[in-house]
Amino acid sequence: MVTKARTGQPTLEEVAALAGVGRGTVSRVINNSPRVKDTTRHLVEQAIAQLGYIPNRAARALAGSRTDAVALVIPETEKRFFAEPYFSDIVHGVGDGLADTDLQLLLTLVRTESERQRFLQYARARRIDGVLLVSVHGDDPLPDLLAEMEMPTVLSGRRSGEESVSYVDSDNVGGARAAVRHLWESGRRAIGTITGPLDMHVAQCRLRGYEEAVRDTSGGGPGPTWIAHGDFTEESGRRAMTELLARNPGIDAVFAASDVMAVGALHALRAVGRRVPEDVAVVGFDDSPIARHTDPQLTSVRQPVEEMGRTMARVLLEMINDSSAAWQHVVLRTELVRRTSG
């Protein structure tokens, strides 16, 4: 049989016809979408190789208004961004999730209203294909404004229990509950807590887990003197621990809603001669690298932060490649990691 000589580059439609799939499926394979079965992906890749098809990135971007860039937006200061291991772990996980794609990751700190407006203008101009939002506070309008402009968006955590935008979170209530139950089962009976900023849903959930565990174990809820408020910084942990000691000199355990605040609590206890864990047991949350380098090493609730970042990237890719994809709400499990602080 004589085959007609090819007179130009193979097209996306020709690849689809040879593979026996639709044009959209070929596009999803080219863009590394996870929403393609392995068998189908293999067929498309075989067709691409057989025809010698080379994706035209410029044409793809023009046809689909694609920029091949996504923004990782963090509404926090540089000081907090560089001080907390949580953020670097999220960035690492997101980077892993995008490693096999052609997408560029743009890191953006939004610290002021003017910076928020500038970023919104950037997004409205469609200079990015999607947004990953980390550390969102309850009153932050950014997720809703992005949703109104139909910008694919995924949150790390959520603003409330009624969150509608796609998010990836960890089981903050269950993790806090496990921490307090562990302290109770270890013989501790005067258990306080240091909260995160309560305008953040994550801090509200960890406080709720603490309160539920205290009710379940002791039969009564904690009084207000057993709860001190922090803001996820080391200094706030130090200050809150000092408050708890002043209110309740007999305190024998504390659950801090982050490892960084737990470090501050350790410093405050050492300053007044309280031994950890002999006098006061301390449990943190995050199981960040900090937990393994304190003295004593910190018992902590592990949330899979890097896995959260990878999952955020996966969900965002699905939304970018399929505008009809449903919003996703993903909650990952936590685990108590026991060390020597409590």
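Helix H6 lies across strands S1, S2, S3 and S4 (153–156), running at about 155° to S3; contact means heavy atoms within 4.5 Å. The structure is a predicted model, in which local features need pLDDT of at least 70 and side-chain atom pairs count only at pLDDT 80 or more, while totals for chains, interfaces and linings use all residues. Residues are numbered from 1 along each chain, and side-chain values use heavy atoms, without hydrogens and water.

**Helix H6**

**Sheet**
- Six strands make an open sheet with parallel pairing, ordered S2-S1-S3-S4-S5-S11; two strands pair if DSSP finds at least two bridges between them.
- S2 (104–109) and S11 (329–332) are the edge strands, each pairing on one side only.
- From one strand to the next, the twist averages 20°.
- S1 (residues 69–74) and S3 (residues 130–134) run parallel and are joined by four bridges; Leu72 has Leu132 in S3 as its bridge partner.

**Helices H11 and H12**
- H11 (residues 234–247) packs against H12 (residues 259–271) at an angle of about 50°, with the axes 6 Å apart.
- That angle makes H11 oblique to H12, a class that excludes angles under 35, over 145 and from 65 to 115 degrees.
- The contact involves, among others, Met241 and Leu245 of H11 and Val260 and Leu269 of H12.

Methods
Helix = DSSP H or I, 4+ residues; strand = E, 2+ residues; numbered from the N terminus. Axes fitted to C-alpha atoms, helices over the stretch in contact; angles between N-to-C directions.
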